[in-house]
Every structure is written in C-alpha cells, then in structure tokens.
Amino acid sequence: MFSCSKTSTNHLIDKNATAETINLFNNLKETSKKHILFGHQHATEYGHGWKDDKNRSDVKSVVGSHPAVIGVDFINFSGISERRTQQVMHELKKNVEDTYNRGGITTIAWHFNNPVSGGGFYWKDSISKPAVKYIIPGGEAHHEYKNILKRIGYWANNLKGADGKSVPVIFRPFHEFDGDWFWWGKPYCSKEEFISLWQFTVSYLRDELGVHNFIYAFSPDNRFTTEEEFLERYPGDEWVDMVGMDNYADLGRDRYDLETAAKKLKIVSDYAKEKHKLAAFTETGLESIPNTTWWTDTLLKLLKENDLELSYVLVWRNDENSPTHYYAPFPGQVSEENFKAFYNDEFTLFENDLKKMYD
C-alpha cells in the first residue's frame, strides 16, 4: 500500500483551492518520484461487452483493482437535449464521487461539441466552423460559451464525497490542440486565440464561478521534439497546474520508437520539475493490444527511462460494442498475463494501492 501525507503548501494556480485539491496535487507530486499511477478512460462506466455494471471495470476483472486514475469526459455537457444533458451530469457526478469515496482519482477530458456549428468535436470540412474565435471574449458566441461553463461550474461545485468535502478532479480541456482533428486544433485558431480561450476558461471557472477543486492540465499531442515546440501554445505558468502529452504513434500505432517517446516525456517531466508543476502521460495505448508483452516491454520500459517523474499514465477506453476498440485487457485478452506483471511491478500503482491521497 502507498500512503502519502505532506504539508499543504499550495503551488496550484488557484490560491483558493480546497485543502483536498492542494493535498492531491502535493501527493501526486510526491508519488511521481518513485511510482506512477495507472489510469484508464471510462473504466467504470463501460468496458468490453458491458455497460453500467456496479463497481466493475475490465482492469478490476483482470487484477482485482480498479485503475488508480479514472478518465471521464464532459462530452455531453452541451450539444444534446437538455433532458439528456441533466441525466448525463447526474450520472457523471455519481461516478466521480464513487471514485473519490474509494480513494481513486478522476481526470476529465472534454470532447467539446462545436458550439457554433455541426460536426461534433471533430473538424469536418464544409461543416465545422473555427469556433475558438467565436467563443473567446469579444466573439459573437462568447455568451453561449459562458453558459456552457456555468453548467460545468455548477456541476463541479456540487461534487461532494461521503465525507462531505468537495471532490477534486484533474480537468484537461482542449487536448491535442497541436493536431488538425479537433475544431480547436492548430489549423483553425491562432496561437493568440487559443491562449485567450485557455486563460478565459480558467479565469471564468475559478474567479467568477468559484470552482476551487480543479487541477488544470495542458496536454498537446506528440508533435514536438523540443521544449520550445512543446510550449508553443502554452498559456503561461500562472494558468497551468499539470503538463502532459498524448502519444499513441510512438508506442506501436504508427511505429515502435521508444527512444523518441522517452525524449518527449523527458521534456514534459523536466519542465514540470523546474516549474513545480505536475507531469503526466495523459493518453497512450495500443488498440486491441495484439502485442502480448506490450505492458512490460513497451509501456513500463518507457516509463522507467530518463528518471521521469510522471504522476500517472492513462490508456484509452474499452468500447462496449466494438470487438476491436479497446486499450486495456479483459479476462481472456492476449496481453492479460503480461498486464498482471505490469500490475505487480512495484513501480505501478492502482486504486487498491492508494491511501490518503486527499489528506
């Protein structure tokens, strides 16, 4: 079991952050010196061939513990019917509170449906509009964006654990912004527009809506090879708590290039050390996991390179309907035994290993 209790020095960008949020930040910082937490997107909401089962995850079915970090999404907080949105908000609130009550950690991505056009969160030629310029201060849809943030703020301010305390979460908006697949991607907004969007989002949630239980995570895709490139659209140290990277390409999707992947993670980790930020491997994985030793020979080997200090690594979701779209093993999957070796390594931490991350 791993337990960590540090003094509550606040290095967060929110000087009014709750005590539990400060403690989570400090404890993640401390654990990253000797361990890494394992995360899985949508782990407890659904998995390979199932959905909405109580206290279930594919990871738990294999190793007896949920992931230490559970990824969820604000995807349906806008762009669908109001009735369905309210239902989604209620379901997600319970999921996050349950994770907190078990001692686990939640990170929230935002596949934000385009607020000014069709096309969903992806960029679709002839359908999508470059929404960033419309929703930043001065844009014609800025008021609508504020209303969407009010919904997030209301939800965040009502997260309560069984102990009655506000539940901290890691909020990771506008991820993979250096790519061209999302409407907030690099081809569809200027550097200045993106930074304005980020800074307004943080300031409105924190300063206007009184959200004090968010840790803000900045995570491009892996299209950088230098710190300068990594920070090209960085909004500033006063606007970011965690730096990360999404990287599927170097870990088997396009090629196996662990040396390059390690150099990129080193840039992220070193920046976090220098600036007293958290660092994380915010998304990775190998779809269908056909490589039977991927967990130890690829992922674990990479994570142990270069004296990295990463708070967590998160692999993507296991679709409940698709027979091939999954990134964590389930009973009978070909990498199951190797994943058990990954789980049993002292370097990796799962939910059952965590104690007092909020104290």
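1. In this note a helix is a DSSP run (H or I) of at least four residues, and helices are numbered from the N terminus. The structure is a predicted model, and the points below should be read with that in mind.

2. UniProt, in an unreviewed entry, lists residues 19-352 as "domain: GH26". In the model this span is 36% helix and 14% strand, and its end C-alpha atoms lie 23 Å apart.

3. Helix α8 covers residues 258-275, and its 18 residues reach 26 Å from the first C-alpha to the last, close to the 26 Å expected at 1.5 Å a residue. The helix is followed by His276, whose phi is positive, near 55 degrees.

4. Several residues of α8 are buried, among them Leu258, Ala261, Leu265, Val268 and Ala272, and the list also includes Lys264, Ser269 and Tyr271. An α-helix has 3.6 residues a turn, so residues three or four places apart point the same way. The buried residues of α8 pack against the helices α1 (19-31), α7 (227-230) and α9 (294-303), and against the strands β9 (242-246) and β10 (278-284).

5. The largest pocket holds about 1400 Å³ of space. It is lined by 42 residues, of which His42, Glu45, Tyr46, Asp73 and Arg317 are the closest to its centre. Helix α3 (residues 82-102) supplies the largest share of this lining, nine residues, and by class the lining of the largest pocket divides into 20 charged, 12 nonpolar and 10 polar residues.

6. The second largest pocket has a volume of about 220 Å³. Among the 16 residues that line it, Tyr100, Gly103, Lys356, Met357 and Tyr358 are the closest to its centre. The elements that give two or more residues to this lining are α1, α3 and β13 (354-355), and α3 gives the most, with three residues. Eight charged, four nonpolar and four polar residues make up the lining of the second largest pocket.

7. Most residues other than glycine have a negative phi. Phe174, although not a glycine, has a positive phi of about 55 degrees, and it is found in the loop between β7 (169-172) and α6 (191-208). Asn306, also a residue other than glycine, has a positive phi near 60 degrees and lies in the loop between α9 and β11 (312-315).

8. Asn306, at 33% relative accessibility, counts as partly exposed.

Notes. Residues numbered from 1 in each chain as written. Predicted model: local features only at pLDDT ≥ 70, side-chain atom pairs only at ≥ 80, totals over all residues. Heavy atoms only, no water. UniProt positions renumbered as here; feature names shortened; annotations may be inferred. Expected span 1.5 Å × (residues − 1). Buried < 20%, exposed > 50% of the residue type's maximum accessible area, 1.4 Å probe, protein only. Contact = heavy atoms within 4.5 Å. 1 Å grid on protein atoms, 1.4 Å probe; cavity = no way out; pocket = protein on both sides within 12 Å on 5 of 7 lines; lining within 4 Å. Points joined across faces, edges and corners; volume = space filled by probe spheres on them. Nonpolar A, V, L, I, M, F, W, Y, C, P; charged D, E, K, R; others polar.
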